[in-house]
Amino acid sequence: MIERAVVLAAGRGTRLGELTATTPKPLLEVAGQSLISHVLEGIRDAGIYEVIIVTGYRSADIEDHTWGFAGLSIRYAR
């Protein structure tokens, strides 16, 4: 049984050009919510509740956005 997941959210997203100049790639919106929210919901829906998010570029923005995500125990690694 898988008990925890690691989400890689450290890249700058340079191929996305100006879209990631001030917003980290995981926080870009798709279908009304951030990419990382879609990922975290999928993890939670799979029955995994412990998550480590690896951050880098604009890590504070990612941490602020995901802190307290419903139903998950989240830790961060920079």
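I take contact to mean heavy atoms within 4.5 Å. The model is predicted, so I note that local features need pLDDT of at least 70 and side-chain atom pairs count only at pLDDT 80 or more, while totals for chains, interfaces and linings use all residues. Residues are numbered from 1 along each chain as its sequence is written, and side-chain values use heavy atoms, with hydrogens and water left out.

**Entry: I43**

I looked up I43 and found that I43 touches A5, V7, I48 and V51, residues up to four places away in sequence not being counted. I43 sits in helix α1, residues 35-45; helices (H or I, at least four residues) and strands (E, at least two) are DSSP runs, numbered from the N terminus. I43 is buried, its relative accessible area being 11%; buried means under 20%, exposed over 50% and partly exposed in between, with a 1.4 Å probe and protein chains only.

**Entry: S37**

S37 also lies in α1 and is buried, at 10% relative accessible area. I recorded a polar contact of 3.4 Å between the side chains of S37 and H65. Such a contact is a pair of N or O atoms within 3.5 Å; within protein, one must be able to donate a hydrogen and the other to accept it, and residues adjacent in sequence count only if both atoms are side-chain atoms.

**Entry: the sheet**

I traced an open sheet of three strands in the order β1-β4-β5, with parallel pairing; two strands pair if DSSP finds at least two bridges between them. The edge strands are β1 and β5, each of which pairs on one side only. The pairing of β4 with β5 runs over five bridges, and I53 stands opposite Y76 in β5.

**Entry: helix α2**

Which residues of α2 are buried? In this helix, residues 59-66, I listed S59, I62, E63 and T66. Seen down the axis of α2, they fall within an arc of 95°, so they line one face of the helix; the arc is that of the directions from the helix axis to the C-beta atoms. These buried residues pack against β1 (4-9), α1, β4 (50-55) and β5 (73-77). Just after α2, G68 takes a positive phi of about 75°.
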